[in-house]
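Here is a briefing for a reader new to this structure. Please look at the sequence and the model first, then read on.

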Amino acid sequence: MNDPDPDPAQDRHLLTEMLRIRRFEERCVELYSAAKIRGFMHLAIGQEAVAVGVMGALRPDDAVVATYRDHGHALARGIPAGPLMAEMFGRVEGVSRGRGGSMHVFDAATRFYGGNAIVGGGLPVAAGLALADHLLGRDRVTACFFGEGAVAEGEFHETMNLARLWDLPVLFACENNLYAMGTALGRSESQTDLVRKAEAYAVTARAVDGMDVTAVAAAAGQAVDEIRAGTGPVFLELKTYRFRAHSMYDPERYRAKEEVEDWKSRDPIPRLQAELVAVGALDDGGLAAIEADITTEVDAAVAMAEAGTLEPVADLTRFVYSEAAP
Amino acid sequence: MTTYREAMREALRDALTRDERVFLMGEDVGAYGGCFAVSLGLLEEFGPERIRDTPLSESAFVGAGIGAALGGMRPIVEIMTVNFSLLALDQIVNTAAALSHMSGGQFHVPLVIRMTTGAGRQLAAQHSHSLEGWYAHVPGLRVVAPATLADARGMLWTALEDPDPVIIFEHGALYNVEGALDPDAGPTDIDKAAVRRAGEDLTLIAFAGTVGKALEAAEDLADEGVSAEVIDLRTLRPLDTATLLESVTRTHRAVVVDEGWRTGSLAAEISARLAEQAFYELDAPVARVCSAEVPIPYAQHLEQAALPQVRTIVAAARGVLAG
């Protein structure tokens, strides 16, 4: 899409944020292969425009509920790369003190409520965060990310209904990457038009090109403005695609290479890059400078994770219950 | 005279009055007055924002309770029965119980969930089960079971002051129990088991709906010249093992009464702790009186046959005394 209101400085920022996620996750793959990172790890490579476009619309006092594919959400929300990487290394310097790993990033400072690895499980919690804001008269918004796989869960339907019934200030950001792990949308849903599903609950719903970061940013900005004005929840279907496997254990038997290549031709990063070059807002030198800064940032994150320490086993059961009243 | 139901209602009223962050939500808590009439009249008193009727969406409204707690409120979520709570098990176990630890201590869930448990009212297999033991299995939760009017009145506020999720199990057969409640009755601790009757010859360990039956059994045993101590667990997680050990160290014999199924039950956990920590104090194997391993049936004679009864508790007590 042609950016209706081009803002080169803003677009450079969006490009930088997407590149930060891409390069961070590419490094994660290397570190996984080197056995520095273990467990389940899900990459958002290809989906960066969604996290970056939506986060830009939020205020610092808004809340975010994300999924297990959360590195991009975390970085775009402003969680520093070092503690994020340290978390994946299982170090006490990690955002969740090494208790969560890749799938469970939490950060009180940015009101980032996970990193939820039960598909659909974050939706009711997001409604509750919004309910607290409603009851306390605060004009905050809760952004809730979930994949299209979650729309098959009862928690999606229960939460859509509740959010509309109580006019809760939630932005439902549905990342439709077409596959619930290996199950294509058409193989799991009788109605594949996700906007219609949300509309069935009288929730304002729009579909957006999730491979176009300026389109996502515009749609999210509009939605957040509406929600903050008190119109209740908004559902955005962000049509996107993950270029990599579901997790590190996925042989990708369920989709054709041609399909993956076709979506890669819509990669949001070169797309915005080309637009910026075309209007003269970015050249090779500028791009190299952005990449160099990101390399420095990721190197520092890895160094922090490598230098991180292990929590003493004696502290294993700390935080099962709160140590002090909140 | 006050009923258990009225004591619970007074606890709710007190909490709503004390703290503006407190609100009650659940199915039919408002206009209907509560499935078991616990919240009757509170809608008129506190309004629909704070006495909040929900759709039949257990997972969503329990999850919303978690989110609201994270957002600074002190929600009380009512689930009609423990059977229905299984529809919200994901939120309770995977989120509420796990969040503090999983986030490295950054987030706390000061949520109170109330639910009815237990059999005895001919409500059959989908409204009568006692699954307290399942919840007591889960680290991150605190689980309490008021068996007396004072605890029905007193446990709620203490639970609300807890920074972590607390589940309050209200035994359905207790709602109509009447008794005297001190007009000054207020918050009670939720840490300690209570000795409801002192005795010397054996210890009957019970909770919630079985405390009254254990007390009756102790009365019958007294007629036989047996002095039974009755302990009300009150808190099912964490278990107050110290009070149990202290008692058994004196009496040397124990019977555990649990309306849950025997296999994998709280009674099994308590028996194991006594075997681990008081083995040489015991003069007989610990006995258990649990529910028969069947889905609770409707027909009254079958239902009663499935549940711990005064006579089965007395029989078990005689067994350990003979041992």
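**The sheet of chain B**

Seven strands of chain B form an open sheet with mixed pairing, in the order S3-S2-S4-S5-S7-S6-S12. Strands are DSSP runs of E with at least two residues, helices are DSSP runs of H or I with at least four residues, and both are numbered from the N terminus. Two strands pair if DSSP finds at least two bridges between them. This is a predicted model: local features need pLDDT of at least 70, side-chain atom pairs count only at pLDDT 80 or more, and totals for chains, interfaces and linings use all residues. Residues are numbered from 1 along each chain as its sequence is written, while chains are lettered from A and ligands numbered from 1 in the order in which they are written.

- The edges of this sheet are strand S3 (51–53) and strand S12 (235–237) of chain B, each pairing on one side only.
- On average, neighbouring strands of the sheet are turned by 20° against each other, direction ignored. For such angles, axes are lines fitted to C-alpha atoms, for helices over the stretch in contact, and angles run from 0 to 180 degrees between N-to-C directions.
- Strand S5 (residues 112–117) of chain B runs parallel to S7(B), and six bridges join them.
- B:Val112 has B:Val166 in S7(B) as its bridge partner.
- Helix H8 (residues 149–161) of chain B packs on the sheet. H8(B) touches strand S2 (22–26), strand S4 (74–81), S5, S6 and S7 of chain B. The direction of H8(B) makes about 165° with that of S7(B). Two residues are in contact if their C-beta atoms, placed from the backbone, lie within 7 Å.

**The domains of chain B**

- Chain B is divided into domain 1 (2–179) and domain 2 (194–322). These bounds come from an automatic or database domain assignment.
- The contact between the domains takes 25 residues from domain 1 of chain B and 22 residues from domain 2 of chain B.
- On the domain 1 side, helix H7 (132–136), strand S6 (142–144) and strand S7 (166–171) of chain B each supply at least two residues.
- That side of domain 1 of chain B has 13 nonpolar, nine polar and three charged residues. Ala, Val, Leu, Ile, Met, Phe, Trp, Tyr, Cys and Pro count as nonpolar, Asp, Glu, Lys and Arg as charged, and the others, Gly among them, as polar.
- Taken over C-alpha atoms, the centres of domain 1 and domain 2 of chain B are 26 Å apart.

**The sheet of chain A**

- Six strands of chain A form an open sheet with parallel pairing, in the order S2-S1-S3-S4-S8-S7.
- Its edge strands are strand S2 (112–116) and strand S7 (204–209) of chain A, each pairing on one side only.
- Neighbouring strands here are turned by 15° against each other on average, direction ignored.
- Strand S1 (residues 63–67) and strand S3 (residues 142–147) of chain A pair in the parallel sense over three bridges.
- A:Val65 has A:Cys144 in S3(A) as its bridge partner.
- H5(A) lies across S1, S2, S3 and strand S4 (170–176) of chain A. H5(A) runs at about 170° to S3(A).

**Helix packing in chain A**

- Helix H1 (residues 8–33) and helix H11 (residues 268–278) of chain A pack at about 150°, with their axes 10 Å apart.
- H1(A) and H11(A) are therefore roughly antiparallel. Angles under 35 degrees count as roughly parallel, over 145 as roughly antiparallel, 65 to 115 as roughly perpendicular and the rest as oblique.
- The contact of H1(A) with H11(A) has nine nonpolar, one polar and three charged residues.
- H1(A) also packs with helix H12 (residues 284–307) of chain A, at an angle of about 45° and with the axes 10 Å apart. That makes H1(A) oblique to H12(A).
- The contact of H1(A) with H12(A) has six nonpolar, one polar and five charged residues.

**Where the chains meet**

- 36 residues of chain A are in contact with 35 residues of chain B.
- Helix H5 (122–136) and helix H6 (154–165) of chain A are the elements that give two or more residues to the chain A side.
- H5(A) gives the most to that side, with 11 residues.
- By class, the side of chain A that touches chain B has 20 nonpolar, nine polar and seven charged residues.
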